[in-house]
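Let's walk through this structure together, one region at a time. Have the viewer open and follow along as we go.

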Amino acid sequence: MTGGVRVEALVVVTVLFLLVTVLGFVAARWRRGDLDSLHEWGLAGGRFGTVVTWFLLGGDLYTAYTFIAVPALVFGAGAIGFFAVPYTIIAYPLVYVTMPRLWSVSRAHGYVTPADFVRGRYGSRSLALAIAIAGILATLPYIALQLVGIQVVIAALGITGTGFMGDLPLIIAFVILAAYTYSSGLRAPALIALVKDALIFVTVIAAVTIIPSRLGGYGRIFAAVPPAKLLPAPAQFGAYATLALGSALALFLYPHSITGVLSSNSRRAIKRNAAMLPAYSFLLGLIALLGFMALAAGIKPDATYGTQAAVPALFNMMFPAWFAGVGFAAIAIGALVPAAIMSIATANLFTRNIYKEFLRPNASPREEATAAKAASLVVKFGALLFILLLQNARQEAINFQLLGGVWILQTFPAVIFGLYTRWFHRWALLAGWLVGMVLGTAMAASQHFTSIFPLRIGASTYPAYSAFYAFIANVIVAVVLTVVLRAMRVEGGPDETLSAEYLRA
Amino acid sequence: MSRQRTDARPRSRGRRLILLLLIVPFVGTLWVSTYARTAPSLLGFPFFYWYQFLWIGISAALTVVVYLVDPEAPGADEDRA
C-alpha cells in the first residue's frame, strides 16, 4: 500500500468506530437484566427475538476474517474458495433440525455452554472437559484472526508505522472492545451487530454494482479469470464437497454460534433464523466474487498481507475515498462483533466447565459472572499479545484456525448425536474425540497446514477435508467402543435430561 | 399456546416426512460433478456460480415450507423480536 494516510477514509472509519463504542456501553441498559449473573452477562438472559438473533448470528458467523479470507482464497486459488457458499447453504437446514433441541434442553436445565449439556446428558465431567477444551482451543485463534482483519484495514488506511506507534490503533480498538464487553456482556455485540450488518450490506451492494460497471460487467470479470481458476478440477470435487460439508457440520458447534442460539428467546426464533440466515449466504457469495473482481482489476498480492489485501486494495481503487472508509469500517466493526461474542463464549466455557467444575464448585452466581468477565479480558488480551509479539503471528493464527475447524468438528458426536440418543457410551465418545483430535491434527500438520488431506487407499488417492476424515474416524471409534463397552456392561453414567425436555417450547 | 397440545406428543407422519425436504439442498450442492461447468451462463455468470447462488434461494424456500407446516409455527405467542 502506498500514498500515505488516507485522511477521508480514516475520518469515516473513526466516526463509525466512535458510534459503535457509544452503542457498546449503552447496551448495558438494553433489555435490562442483572449483569452480575452469567446467564444475563453471557447470554443476555435469553431475551433476543427473531430479528435481533438474526443480526447477532449474522454478525457472529460472518466475521471480518470471512470478508477478507474468502475473497482472498478465490483471488489466490480460484473456484475452490467458493465452497463457502454451499457450506453456508447446508449449515442452516442442520440448524433448523438440531438447534431447537439444544435450546430446549438448555433452557430446561440452565445450560450456558455445549459442555454443560454434555455434562448433564452423559454424567461425565471428563467428556464435558474435553468438549470445553476443544471449544476454547478452536475459538482462540479465531479471535486472533479478527485482529488480523483489523490490521489489514489499518494498513489499507495507509497507517504503516512500525513498532508501538504502528500497533497503537489496534491496541486502542481492542482496549475499548474489552471495556464494553466487560461491562455490557453479550448485549454489546448484539447491538453493534445491527450497525455492522447494515454497513456490510451497503458496502457489498455498492461493490457488486459499481465495480462490475467499471470493469465492463460480470461477463468481462469472469472472462479475465484464468480457466484453471474458474472451475474446480475433477480431482478437487471431493475436496470441495467435504470442505463444504465438514465446515457446515462444524459451524454450529463453535461456542460463539451456540452462544448466539442460546441467547434467543424461543425455538421459533431459531427456526425462523434458519430460513432467514441464507440472506447472509447470498452476501457471502457476492463477497467471494470480489476475489475475481480484484483479479480482473489487475490487483497483485500485497508485500505484507499477500492475497488478504486484495479486497481493501480493490476498495481503494474503485470507491471514492469516503466510501472506501465505509467499507473499511464495515470490516473493522465486523471484527469487533465476533471477537466480543467469541471471547464471551470462551469465558462461559472456562467459567462453567473448568472454574466452577474443578476449581470452585461452590461459586455463587455473582462469582461466576465475575470470573467470566475476567476470563473474557484474558482471552482478548491473550489474542492481542499473540498477534503483536509473535514472529509470523498471522500465519500461525491462520494455521491454528484451520486446526480449530478440525478440533471443533470432533465434538459433533457427543453434542449433536447426544441431542437424539443416549446410545453412545461416554468413554467411547471420549476415545473417539481423542482419536479425531490427534488424527486430524496430524493430517493437517503433514500437509503443512492446508485443509486437504490426500488419503491413499491402494493405488487410489482421495483428497478431502482433513477435519472430515478425522470426524469419520471419530464416529467409527465411538460406535465400535460403545458396542464393546455395552457388551462388557460398563456403567454409562446418569442422564439428567428427559426426552420431553428436547421439545419443550 | 392458543391450542391444547403437548410437545411430547409424536408428530404426525406427514409432518415428519416434510423434514426430508431439508436433505434436498445437500444433494443439490454436494454433488459437485453435476454443476462444475461453465455453460449455460446467465447474465455473464458461468453455470457453476449462478447454480450455487440459485441454491441459496431454493434452500431458504424449502426451509420456509418446512417451517410453515411445522406444528410449532402458527399461532404461537412467545416470540417478540
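Leaving aside its neighbours within four places in sequence, which residues is Phe328(A) in contact with? This is a predicted model, and in it the partners of Phe328(A) are Ala9(A), Val13(A), Val153(A), Ala156(A), Leu157(A), Pro312(A) and Phe315(A). Phe328(A) also belongs to the largest nonpolar core, a set of 209 residues. Together with Leu314(A) and Ile333(A), Phe328(A) touches the most other members of that core. Helix H17 of chain A, residues 321–359, gives this core its largest share, 21 residues. As background, nonpolar side chains in soluble globular proteins tend to be buried together.

Next, look at a pair of helices in chain A. H3(A) packs against helix H13 of chain A, residues 255–262, with the two axes 9 Å apart and an angle of about 175° between them. Angles over 145 degrees count as roughly antiparallel, so H3(A) and H13(A) fall in that class. From H3(A), the contact draws on Thr53(A), Leu56(A), Leu57(A), Asp60(A) and Leu61(A), while H13(A) brings His256(A), Ser257(A) and Gly260(A). Sorted by class, this contact has three nonpolar, four polar and one charged residues.

Now for the place where the chains meet. How many residues of chain A are in contact with chain B? There are 43 of them, and they touch 36 residues of chain B. On the chain A side, the elements that give two or more residues are helix H3 (50–61), helix H5 (84–109), helix H10 (218–223), helix H12 (237–251), helix H14 (267–276) and helix H15 (278–296). H5(A) makes the largest contribution to this side, eight residues. In terms of class, the side of chain A that touches chain B has 30 nonpolar, eight polar and five charged residues.

A few backbone details deserve a stop. In chain B, the peptide bond from Ala39(B) to Pro40(B) is cis, with omega near -5°. Pro40(B) sits in the loop between helix H2 (24–30) and helix H3 (47–69) of chain B. Leu43(B) is also found in the loop between H2 and H3 of chain B, and its phi is near 55°, a positive value in a residue other than glycine. Is Leu43(B) buried or exposed? Leu43(B) is exposed, because its C-beta has 8 others within 10 Å and the cut-off for that class is 12 or fewer.

Phe449(A) lies in the loop between helix H21 (426–446) and strand S1 (452–457) of chain A. With 16 C-beta neighbours inside 10 Å, Phe449(A) counts as partly exposed.

Finally, consider the confidence values. The model scores ipTM 0.87 and pTM 0.89. Chain B has a mean pLDDT of 78, and 70% of its residues reach 70 or more. Among the elements of chain B, the lowest mean pLDDT, 73, belongs to helix H1 (residues 13–18), and the highest, 94, to H3(B). Residues 1–9 of chain B have pLDDT below 50, and this stretch has ten contacts in the model beyond near neighbours in sequence. Over residues 75–81 of chain B, pLDDT also stays under 50, and the model has 18 contacts for them beyond four places in sequence.

Key
Residues numbered from 1 in each chain as written. Chains lettered and ligands numbered in written order. Predicted model: local features only at pLDDT ≥ 70, side-chain atom pairs only at ≥ 80, totals over all residues. Helix = DSSP H or I, 4+ residues; strand = E, 2+ residues; numbered from the N terminus. Buried ≥ 20, exposed ≤ 12 C-beta atoms within 10 Å, placed from the backbone. Contact = placed C-beta atoms within 7 Å. Nonpolar A, V, L, I, M, F, W, Y, C, P; charged D, E, K, R; others polar. pLDDT = per-residue confidence, 0-100. Core = buried A, V, L, I, M, F, W, Y, C linked by C-beta atoms within 7 Å. Axes fitted to C-alpha atoms, helices over the stretch in contact; angles between N-to-C directions. Parallel < 35°, antiparallel > 145°, perpendicular 65-115°, else oblique.
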